[in-house]
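Thanks for coming. I have one structure to go through, starting at its surface and then going inside.

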Amino acid sequence: IVPQPSLFVLVTFLVERIKGLVKQKCPCCGEPVLPSNPEELNSMYDKQSCAKLKRKRRPMRTYCGCWYHKSCLNTFLTEPPFGAVCPTVNCGRRVFHPVCVS
C-alpha cells in the first residue's frame, strides 16, 4: 500500500508534535504537562469525577503550539503583563487560546 499524501501529513504531525508531549513541561510552572499515571489524565476529562484540582492541571495547547496546564494558562492570560509572548525556548509568539479559561 502506497501512503497517500494526506496520510503522510497526519503521521508527520503525530510524530513531530504528539510524540514529544510526554516529556513536555509547562512553560509557567516547569512541571510535566501530562501526569505520569494515565488514569489521572482520564480523570481530568471525566464528567463524573469533577475534581476541580485535577481539572486545573488539564493540558491545553495554545495557538503558538505550546502546552500549558489550564490553571497556568489562565494566570498567564489574565494577569499583567497582558499580551506577553510565550516563554518557551525558540517560540516567542504571543500566547492565545480561543476558550475563555476560568
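A patch here is made of residues with over 30% relative accessible area and no salt bridge, with like charges joined within 9 Å and nonpolar side chains (Val, Leu, Ile, Met, Phe, Trp, Tyr) within 5 Å. This is a predicted model: local features need pLDDT of at least 70, side-chain atom pairs count only at pLDDT 80 or more, and totals for chains, interfaces and linings use all residues. Residues are numbered from 1 along each chain as its sequence is written, and side-chain values use heavy atoms, leaving out hydrogens and water.

First, the surface. Leu-7, Leu-10, Val-11, Phe-13, Leu-14, Val-15 and Ile-18 make up a nonpolar patch with about 580 Å² of accessible area together (Shrake-Rupley method, 1.4 Å probe, only the protein chains shown counting as cover). Leu-10 lies in helix 1, residues 5–18 (helices are DSSP runs of H or I, at least four residues; strands are E, at least two; both numbered from the N terminus).

Now helix 4, residues 70–78: Cys-72, Leu-73 and Phe-76 are buried there (under 20% relative accessible area; exposed is over 50%, partly exposed in between; 1.4 Å probe, protein chains only). They cover an arc of only 95° around the axis, so they sit on the same side of helix 4 (the arc is that of the directions from the helix axis to the C-beta atoms).

Last, the rings. There are 2 aromatic pairs in the whole structure (ring centres of Phe, Tyr or Trp, its six-membered ring, within 6.5 Å; planes under 30 degrees apart are stacked, over 60 edge-to-face, the rest tilted). Tyr-63 and Phe-96 have centres 5.1 Å apart and planes at 45°, so that pair is tilted. Tyr-63 is in the loop between strand 1 and strand 2, and Phe-96 is in the segment after helix 4, 33 residues apart. Tyr-68 and Phe-76 form a tilted pair, 5.9 Å centre to centre with 35° between the planes, and both are buried.

Terms used:
A salt bridge is a side-chain nitrogen of Lys or Arg within 4 Å of a carboxyl oxygen of Asp or Glu.
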